[in-house]
Amino acid sequence: MKFKIKLFGSTREAVGQKEAEVTFNHEPITVTELKSTLYTVYPALVSGAGYLVVAVNRKVADDTATVTSTDELALLPLVSGG
Amino acid sequence: MIKITQDPIDVSAVTDSVADDGSGATVLFLGTVRDHSDETSQVSEMYYEVYTEMAEAALKEIEDEAIRRWKLKKFVAIHRVGTMQVGEVSVAIAVSAEHRKEAFEACQYAIDTIKKTVPLWKKEISGSGSRWVKGVKLESTK
């Protein structure tokens, strides 16, 4: 299954695309699995890894949360609104 | 009412929109683009990026919570995105309440929470280049 992950700000720039894509041969997967695969496929993300948050269906998700390829996924760097 | 927009924010319209005959206090907060930061001595413009759908949902939760907790008459929060010049308004929050204490507290809560729970990113642009502003880890709205 293909998982598409929206990218913003510094993660979008690091990858050079608005969306990342990773493939798994099973689902659901955990947020931890998703992150580690993203870092393998897109090494440019590793430097900010400690600060990145995964959002699932527009909500912040814990590392233990599970996701499927139909969920809306995003990888969010440190936020600085206001 | 909450909104994410590319357009300049009309501050008078924001203030007018929280007018309420039952309110004795209106508080307006404006966030503006500063000409410098801790890291950059001369900022010329600021670029804001947003995850629109998630940001709208997070703003809505802030609105609901502020109205509920401080019994506000009206609440408006507008965040602009895109490129802004020094002095331009990036965010406007206006609240009206029966008394000033509730209005001040609710407005402070709204801007403090926006900074933690709304997925927005800003990039300083200066003569010597550009950099994403180091922010905070996004927190859950609930």
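User: Which residues of H3(B) are buried?
Analyst: In this predicted model, they are Ala103(B), Ala106(B), Cys107(B), Tyr109(B), Ala110(B), Ile111(B), Thr113(B), Ile114(B) and Thr117(B). Buried means under 20% relative accessible area (1.4 Å probe, protein chains only). Local features need pLDDT of at least 70, side-chain atom pairs 80 or more, while totals for chains, interfaces and linings use all residues. Residues count from 1 along each chain and chains are lettered from A.

User: What covers those buried residues?
Analyst: The cover includes E2, H2 (52–70), E4 (74–80) and E6 (89–97) of chain B. Contact here is heavy atoms within 4.5 Å. Helices (at least four residues) and strands (at least two) are DSSP runs.

User: How far does H3(B) reach?
Analyst: H3(B), residues 100–117, spans 25 Å from first C-alpha to last. That is close to the expected 26 Å, taken as 1.5 Å times one less than the residue count.

User: Which strands supply at least two lining residues each?
Analyst: E2 (25–32), E3 (43–50) and E7 (120–126) of chain B. The lining divides into eight nonpolar, nine polar and eight charged residues.

User: And which element gives the most to the second largest pocket's lining?
Analyst: H1(A), with four residues. That pocket has a volume of about 290 Å³. Its 18 lining residues include Ser10(A), Gly48(A), Tyr51(A), Pro77(A) and Leu78(A), which lie nearest the centre.

Terms used: Side-chain values use heavy atoms; hydrogens and water are left out. Ala, Val, Leu, Ile, Met, Phe, Trp, Tyr, Cys and Pro count as nonpolar, Asp, Glu, Lys and Arg as charged, and the others, Gly among them, as polar. On a 1 Å grid over the protein atoms alone, a cavity is a set of points where a 1.4 Å probe fits but cannot get out, and a pocket is an open set with protein on both sides within 12 Å along at least five of seven lines; lining residues have an atom within 4 Å of a point. Grid points are joined across faces, edges and corners, and a volume is the space filled by probe spheres set on the points. Buried means under 20% relative accessible area, exposed over 50%, partly exposed in between (1.4 Å probe, protein chains only).
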